Amino acid sequence: MNPDMTQANASPTPAGETVLSALEQAYRGIAGDDRFVVSHGGRVTEVSPTHYSVSGLSQTARLGDLVSCRGRRGTGAGEVVRISAEGVLVAPFEKTGEIGMGEPVFNRGPLGLAPGPSWRGRVIDALGRPADAKPAPAKGPAAIGSSPVTPPAMQRQRVCDPFRTGVRVIDIFTPLCHGQRLGIFAGSGVGKSTLLSMLANADAFDTVVIALVGERGREVREFLEDTIGAESMKKSVAVVATSDESAMMRRRAPDTAMRVAEYFRDRGDKVLLILDSITRFAHALREVAIGAGEPPVARGYPASVFTELPRLLERAGPGETGRGSITAILSVLVDGDDHNDPVADAVRGILDGHVVLDRSIAEQGRYPPVNPLASISRLADRAWSPDQKRLVLRLRNMLARFEDTRDIRLLGAYQAGIDPDLDQAVRQVPLIYEALTQAPSDPASADPFADLAIKLRAGEPVHAG
Ligand SMILES: Nc1ncnc2c1ncn2[C@@H]1O[C@H](COP(=O)(O)OP(=O)(O)OP(=O)(O)O)[C@@H](O)[C@H]1O
Ligand SMILES: [Mg+2]
């Protein structure tokens with residue numbers, strides 16, 4: 001059942017309301033029969049800017065059910081976020097300005113999405129409705145229910161199939177495998193979205209699902225049309241909930257994107273799920289949970305935020321044997337560049353790797369501004385050959401020497417010829433940094449180690465071991 005709430009936009013009159021009431025009464029007796037779209041009705045008893053309360057639905061509503069309110073001024077849809085004996089609390093998908101006391105509200109049950117192959121190339125909103133001014137995408141064979149089915153741990157394939165992203169600094173220092181979950185951590189404006197869009201162009205995937213949550217409306221078109229481009233969009237589905245949309249839409253969008261990704265995974269596809277950003281999703285979770293009366297526990301975040309994050313992210317990863325996989329790459333905004341922010345901390349613990357972007361590196365004009373010393377991929381050992389691993393350890397060592405002595409060298413206290421390792425770092429690290437610099441318009445790198453070797457040929461070779 002894919003509720004197109006806008007279709008219910010009849011203009012209710014007092015007579016219309018009587019009819020609705022009669023329908024409501026008639027349908028009360030046939031609860032549970034999903035042949036009937038309207039199973040239960042209630043009445044609005046309280047309205048606030050972020051929520052409204054409804055009496056009469058407590059016995060039948062379930063958390064996550066969608067409801068629609070037929071107001072005198074229009075129709076409003078929302079989701080049940082709290083149930084008590086007195087009534088249910090609804091977080092609206094749009095603003096509550098159209099909703100008035102006593103107006104009828106109907107329970108539409110859980111959101112059912114039926115993704116199909118033709119969803120590729122489309123941009124949809126958090127409820128699966130078209131957001132690209134085209135007709136609704138054709139429904140797939142089966143509606144996917146709202147309860148996520150995480151593949152059982154012991155039946156999941158193991159993650160051991162490496163792929164190249166085409167972004168040199170990632171492929172050398174934090175190489176990835178299909179089914180991995182990676183976070184890109186940075187403060188605002190450091191380069192998260194740009195790096196995500198470069199990663200979204202990786203050739204290694206059959207389908208790419210892009211969830212843009214809480215982004216600026218202007219950036220969405222730029223991201224999809226300029227950076228992803230028409231060619232890559234053909235195999236992509238974008239789920240968009242911009243910053244001006246309600247907290248409920250922003251909260252729903254990652255789940256919708258994950259359900260689309262799960263559909264393609266179950267068809268056997270290697271799916272890449274890009275989520276920009278998980279922090280804005282956490283903000284939406286916080287807004288809805290606090291509105292529903294949950295007390296904040298960590299820097300204003302209620303406890304449910306920290307159960308929802310793993311619940312969502314655990315759904316990514318390898319599928320069951322014979323199915324595909326969902327590789328998830330998500331951006332994490334670290335408020336005020338504080339990497340111990342509770343959301344960043346919680347997310348870091350769930351993921352299989354993190355890439356840290358540094359403002360100071362961006363300020364030097366080195367893009368993508370990845371700090372290789374602070375970034376790790378927990379599956380890198382499965383992606384590197386033994387030689388590559390030795391080389392990367394050596395490179396990291398050189399970068400660390402170079403960065404640790406930066407102040408000394410700036411003060412003029414460095415003398416060549418005393419420490420051969422440091423001398424080599426001083427000669428080669430600028431070349432390495434140059435080799436790792438990559439603009440979004442630069443071609444993807446098929447062999448990053450070869451690119452690095454070409455750059456270093458001007459200086460001494462970097463010996464493994
Ligand atoms: N690879 C790159 N090459 C050149 N410039 C870049 C690159 N990555 C980022 N930039 C520059 O950094 C700016 C900010 O990047 P971006 O929008 O990706 O940051 P963000 O971390 O997503 O920001 P926000 O927190 O506001 O979402 C861009 O407008 C661009 O000028
Ligand atoms: Mg961004």
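A cavity is a set of grid points where a 1.4 Å probe fits but cannot get out, and the exercises below apply this idea, among others, to a predicted model.

**Exercise 1.** Determine how many cavities of 30 Å³ or more the model contains, and describe the lining of the largest cavity.

*Solution.* The count comes to two cavities of 30 Å³ or more. In the largest cavity, the space amounts to about 80 Å³. Its lining consists of Val169, Ile361, Arg366, Tyr367, Pro368, Val370, Pro372, Tyr433, Leu436 and Thr437. Sorting this lining by class gives eight nonpolar residues, one polar and one charged.

**Exercise 2.** Work out which residues and elements line the second largest cavity.

*Solution.* The second largest cavity holds about 30 Å³ of space, and Met258, Leu273, Leu275, Leu312, Leu313, Ala328, Ile329 and Leu330 form its lining. Two or more of these residues are given by each of strand E13 (270-276), helix H7 (303-313) and strand E17 (325-333). E17 supplies the largest share, three residues. By class, the lining divides into eight nonpolar, no polar and no charged residues.

**Exercise 3.** Describe the length, bend and surroundings of helix H5 (residues 247-266).

*Solution.* Begin with the span: H5 has 20 residues and reaches 30 Å from its first C-alpha to its last, which is close to the 28 Å expected at 1.5 Å a residue. Next, consider the axis, which bends by about 30° at Ala253, with the proline Pro254 following within four residues. Then turn to burial, where under 20% relative accessible area is the cut-off: 18 of the 20 residues of H5 are buried, so the helix is largely enclosed by the rest of the structure. Finally, H5 is followed by Gly268, which has a positive phi near 105°.

Technical notes. Residues are numbered from 1 along each chain as its sequence is written. Chains are lettered from A and ligands numbered from 1 in the order in which they are written. This is a predicted model: local features need pLDDT of at least 70, side-chain atom pairs count only at pLDDT 80 or more; totals for chains, interfaces and linings use all residues. Side-chain values use heavy atoms; hydrogens and water are left out. The expected span of a helix is 1.5 Å times one less than its number of residues. The bend at a residue is the angle between axes fitted to the seven residues ending there and the seven starting there. Buried means under 20% relative accessible area, exposed over 50%, partly exposed in between (1.4 Å probe, protein chains only). On a 1 Å grid over the protein atoms alone, a cavity is a set of points where a 1.4 Å probe fits but cannot get out, and a pocket is an open set with protein on both sides within 12 Å along at least five of seven lines; lining residues have an atom within 4 Å of a point. Grid points are joined across faces, edges and corners, and a volume is the space filled by probe spheres set on the points. Ala, Val, Leu, Ile, Met, Phe, Trp, Tyr, Cys and Pro count as nonpolar, Asp, Glu, Lys and Arg as charged, and the others, Gly among them, as polar.
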